[in-house]
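Please work through each task with the model open before reading its solution.

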Amino acid sequence: MSLATLHDLHRPLGSTGLTVSPLGLGTVKLGRDQGVKYPTGFRIPDDAEARQLLALARELGINLIDTAPAYGLSEARLGPLLRGQRDAWVIVSKVGEEFENGQSRFDFSPAHTRFSVERSLLRLETDRIDLVLVHSDGNDVAILQDSGVYQTLAELKREGKIRAFGLSGKTAEGGLLALEQGDCAMITLNLNDQRERPVADYAAAHGKGILVKKALASGHVCLDGGIDPVRASFELLFHHPGVGSAIIGTINPLHLSHNVSAAAAVIRQQRQ
């Protein structure tokens with residue numbers, strides 16, 4: 001029996017001009033195993049395992065890959081791993097958060113924003129990043145209003161170094177402001193937490209992009225009554241017209257295949 005795939009289910013990410021698979025592959029686990037909020041521990045995959053995971057993702061119809069400087073070695077590993085495949089992927093990275101010596105620090109200044117994007121371009125071995133998000137520390141509105149980070153990202157977009165920009169935030173207020181002034185927001189939306197749903201509502205009404213993080217509550221979602229929590233989570237997300245793609249951070253090939261199968265079934269059923 002052939003695997004269910006997402007190849008024929010790609011959709012526009014708002015009005016960014018990017019076309020994305022409804023699931024994206026999050027790559028924090030390719031580069032960092034400290035200070036991450038998952039229910040069980042894990043081992044960072046070696047290059048052969050990472051290459052197999054990326055090949056499987058592509059085979060399953062996933063074209064969106066999510067990384068960040070704060071994900072440890074993730075960007076630097078993805079550059080070599082994706083050689084010769086650049087046009088097959090929509091690459092999302094971030095600015096603002098650095099992870100060094102087991103600690104996060106934040107810098108949203110124009111100078112650091114430009115430095116960070118230029119460094120990501122080198123690490124990822126590419127001439128452009130499709131989407132760059134501000135990696136918020138929780139002070140979403142203050143960051144957008146006071147730091148100059150959005151103005152710098154707009155300059156980088158005009159220069160062709162990035163194609164779109166937005167915010168990976170933590171509040172509905174920040175997400176709404178991010179969409180008023182930018183192209184996309186990454187929000188938390190799952191069965192346990194729907195506080196940022198108004199951001200997706202705004203995006204649907206204004207042609208903006210939405211990516212969802214913690215779609216499965218970082219692996220913590222569980223339901224009573226024999227209901228499949230993955231399918232129920234995807235029914236919530238993909239019923240919303242504003243949601244472009246949900247980022248899944250697994251390094252387990254079986255989990256990835258199961259997630260793709262569940263998402264494909266939900267979307268096809270909703271289209272009937």
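**Exercise 1.** Determine in which hand helix 3 passes helix 5, and describe the contact.

Solution. Helix 3 passes helix 5 in a right-handed crossing, a crossing being right-handed if the near helix is turned clockwise from the far one by less than a right angle. The model is predicted, with local features needing pLDDT of at least 70, side-chain atom pairs counting only at pLDDT 80 or more, and totals for chains, interfaces and linings using all residues. Residues are numbered from 1 along each chain as its sequence is written, and side-chain values use heavy atoms, without hydrogens and water. Next, the axes of helix 3 (residues 110-124) and helix 5 (residues 149-158) come within 8 Å and cross at roughly 40 degrees, where axes are lines fitted to C-alpha atoms over the stretch in contact and angles run from 0 to 180 degrees between N-to-C directions. That makes helix 3 oblique to helix 5, since angles under 35 degrees count as roughly parallel, over 145 as roughly antiparallel, 65 to 115 as roughly perpendicular and the rest as oblique. Finally, Pro 110, Thr 113, Arg 114 and Val 117 in helix 3 meet Val 149, Thr 152, Leu 153, Glu 155 and Leu 156 in helix 5, contact meaning heavy atoms within 4.5 Å.

Technical notes:
Helices (H or I, at least four residues) and strands (E, at least two) are DSSP runs, numbered from the N terminus.
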